[in-house]
Amino acid sequence: MGDAIVITSGKGGVGKTTTTANLGTAIAMQGKRVCLIDTDIGLRNLDVVLGLENRIIYDLVDVIEGRCKVHQALVKDKRFDDLLYLLPAAQTSDKTAVDPEQMKELVEQLKQDYDYILIDCPAGIEQGYKNAIAGANKAIVVTTPERSAVRDADRIVGLLEQAEIDPPMLVINRIRNHLMESGDMLDIDEITTHLSIDLLGIVVDDDQVITASNKGEPIAMNPDNKAALAYRNIAKRILGESIPLMSLTEEKKTFFQKLFGFMSKK
Amino acid sequence: MGNRQNVMIKGTKDGFILKLDDQCGYEVLKEELIEKLSVQYKAADDQHVISAKIEAGNRYLSEEQQEELKEIVKSQKSLVVGEIHSNVITIDFAEQLIRQREMSSIAGIIRSGQVIEVEGDFLLIGDVNPGGMIRAGGNIYILGTLKGVAHAGCYGNEDAVIVASQMIPSQLRISSLLNRAPDLDVNEQESHEMECAYIDETEQIVVDRLQVLRNVRPDITNYRGGI
């Protein structure tokens, strides 16, 4: 029986889809069977980031409406030998084409065959969000070090706490080192105390993340990129290993030792 | 019913007390009250308004009945009803009183978009994040940081107070008054000691040291006994 993890943020553009694609890739690199579900019906793009767009035959709505079997709709990523699959969203319908009960059933079915199911949630807190969290038993909240993103993350955490889901974990994305050092950006400590949920990982802002997703190759496959390493570390933490947070700079080490303490406490 | 009196009028130095029998029918009582009052004041022509207190004993009077009785008494010259006293209240009303007096509490964080509303006092063990809101009919006590909105005395109690370990609110509301945080840099406002907010004599919400609370709102102390 696998774990179903929903990746959500409330605010758009903080990197939910990029995070889903990269965590899926990184978990598959660890040898686990992973299925990604894109629930952003009408605005699908997880397939683009993974470079699987032109192999889609059936989609999520086809499965829900019974036009095909689940395994027919799953797109296999050939780069990972039978480990990484994608269930793409439909592009022609909208969020109301699916309801939470149907999603729950679908995820339960997929849990039998996969170790991890990552559900990419659309922005917002309406129908699409409700569908996305319906089948999940864990949640990752993605935010960036901006007030607006943290505010929306706070709202989402509040909603997740009311759902039947384990306490959500936090990924802080798009960290810009120089802004954080100069105090012009919220620092990691501030964000974690404000949201008071466990920190799963931090990812630096890197131009290569964008170029890689444009090429349809998740950055996590890149062996020596800092953001890629961050995603691989998060994946390992999801699998239960304890990996210290990577330090952004040498001078900041003591600051991060505090955070290591925070992580190991749980 | 013979000559049993259903309405008794007693004069005291504070005014009249109208003692109403609680065994007879309401209509009978009403008629007798009208009759008694009309006899009583044949010659009373002075301008003095005398207050009358109605004692209904073990009779439950609904709002309409109370209004009706007040009207009857008022229609007699120079009488005005001060209060109506009855030994009986409805269970609904009793439960409402309990809710208004009890303190509800939550251990946790009130996050953006969450609104907590209680009729009495409220104790929060945790923070109120920006975008979160607490509305209480009574006082609000926060063991944590208030970064959102707190509305104490939201049904009109001007004596209500807001207390927080750290006050960095986006808004404070007490009764119908509102106070907004000054437009300072958020970082400059940190490292405050415990504070309380209340309405002062100038009808303004002020934030002050927690220690002043025992002087401005002595009623908050309800511990009886020697220290």
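I started with the second largest pocket, which has a volume of about 550 Å³ (the space filled by probe spheres set on the grid points, joined across faces, edges and corners). A pocket here is an open set of points on a 1 Å grid over the protein atoms alone, where a 1.4 Å probe fits, with protein on both sides within 12 Å along at least five of seven lines; lining residues have an atom within 4 Å of a point. I found 21 lining residues, and B:Gln100, B:Asp121, B:Gly138, B:Asn139 and B:Asn157 are the closest to the centre. By class, I got seven nonpolar, seven polar and seven charged; Gly counts as polar, and only Asp, Glu, Lys and Arg as charged.

Housekeeping: this is a predicted model, where local features need pLDDT of at least 70 and side-chain atom pairs pLDDT 80 or more, while totals for chains, interfaces and linings use all residues. Residues are numbered from 1 along each chain, chains are lettered from A, and side-chain values use heavy atoms without hydrogens or water.

Next I looked at the interface. Chain A puts in 12 residues and chain B nine (contact: heavy atoms within 4.5 Å). About 940 Å² is buried, 36% of it from carbon and sulfur atoms (accessible area lost to a 1.4 Å probe, summed over both parts). On the chain A side, A:Asp154, A:Arg155 and A:His194 lose the most area, together 46% of what that side buries.

I then checked charges and found two salt bridges across the interface (Lys or Arg side-chain nitrogen within 4 Å of an Asp or Glu carboxyl oxygen). B:Arg111 pairs with A:Glu161 in a salt bridge at 3.2 Å, N to O.

How values were computed
Buried area is the accessible area (1.4 Å probe) that two parts lose on being put together, summed over both.
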